[in-house]
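Keep the structure open while reading.

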Amino acid sequence: VMKPEDGEYEGGRRRFQIPPKGTQQSDSQLKIVWEALNSNSESPKNLLVFGLGMDSNYFANIANRGGKTVFIEDNPTWIDLVTKKIPGLSVVEVKYTTKINRDFEKFKDKATWPLLFMSDLPKDVLDTQWDVIIVDAPNGCCDFEPWEKHIAPGRFQSMYMARWLALKHPRTGGTLVTVDDCERKVESLYAPLLLGVANLTDTVSRRPGEHESDGQRNKQCYFRI
């Protein structure tokens, strides 16, 4: 609950906090999520993040402090590494069933979308009304040729589940869905297709190396569903 004397607040909003070194997203990208999570002090917010990494501490303990934050991750080695470095994170381990080189054309047909449902997500995730959903996993890198070498799962399922959750539990003003790396081939096609081109509200770029991270130049797309 906001305290009037708390200098962290101004006009009912928490002031944006600059992320620590190593955070891969840019300030301009993070501010959109920050505003959605801290637009008022009426209640804690619910944040779902597909992907665990260098931004996890910022999202869970700074941007969404006091709220519910859950991370979805498919790499057990990465889970072990990150949770040892940042204890207390709520992480769900999953398995993705898609492959970019096999499935890129397949899911252009809306009739196939139910195949993208992630049945290993727990009831708590499926039953929560999420204020913000960030899609930053699974591995979808990179746009190299030849195309047959694209054996990564891609973000078909995480984008579909963001759509499913937002529509299953509609909220006033819509759920903010953020798709990272939306300049890439899979994301640039499937984010508007799955999340609705009419729901796209913004696209924000990142400078390489911002916050002294190893992040490359990229774009994030923001949808309200």
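An open sheet of 7 strands runs in the order β5-β4-β3-β6-β7-β9-β8, with mixed pairing. From one strand to the next, the twist averages 15°. The model is predicted.

**Sheet pairing**

- Strands of a sheet pair through backbone hydrogen bonds, in either a parallel or an antiparallel manner.
- β6 (residues 132-135) and β7 (residues 176-180) run parallel.
- These two strands are joined by 4 bridges.
- I133 has V177, in β7, as its bridge partner.

**Helices on the sheet**

- Helix α7 (residues 185-195) packs on the sheet.
- It touches β7 and β9 (218-224).
- The direction of α7 makes about 165° with that of β7.
- Helix α3 (residues 76-85) lies across β4 (68-73) and β5.
- Relative to β5, helix α3 runs at about 165°.

**Disulfide**

- A disulfide is a covalent bond between the sulfur atoms of two cysteines.
- The count for this model comes to 1 disulfide.
- C182 and C221 form it, with their sulfur atoms 2.1 Å apart.
- That separation qualifies because the cut-off for a sulfur pair is 2.5 Å.
- The link of C182 and C221 is right-handed, with 75° about the S-S bond.
- Distant parts of the chain are linked by this pair, whose cysteines are 39 residues apart.
- C182 sits in the loop between β7 and α7, while C221 sits in strand β9.
- Both C182 and C221 are buried.

**The S158 site**

- S158 is placed in helix α6 (residues 156-168).
- Is S158 buried or exposed?
- S158 is buried, because its relative accessible area is 0% and buried means under 20%.
- Which backbone oxygen does the side chain of S158 reach at 2.7 Å?
- The backbone oxygen is that of A137.
- A polar atom of the S158 side chain also lies 3.4 Å from the backbone oxygen of R155.
- Leaving aside neighbours within four places in sequence, S158 is in contact with F50, Y96, M118, V135, A137 and P138.

Conventions
Residues numbered from 1 in each chain as written. Predicted model: local features only at pLDDT ≥ 70, side-chain atom pairs only at ≥ 80, totals over all residues. Heavy atoms only, no water. Pairing = 2+ DSSP bridges. Axes fitted to C-alpha atoms, helices over the stretch in contact; angles between N-to-C directions. Contact = heavy atoms within 4.5 Å. Buried < 20%, exposed > 50% of the residue type's maximum accessible area, 1.4 Å probe, protein only. Polar contact = N/O pair within 3.5 Å; in protein donor to acceptor, adjacent residues only side chain to side chain.
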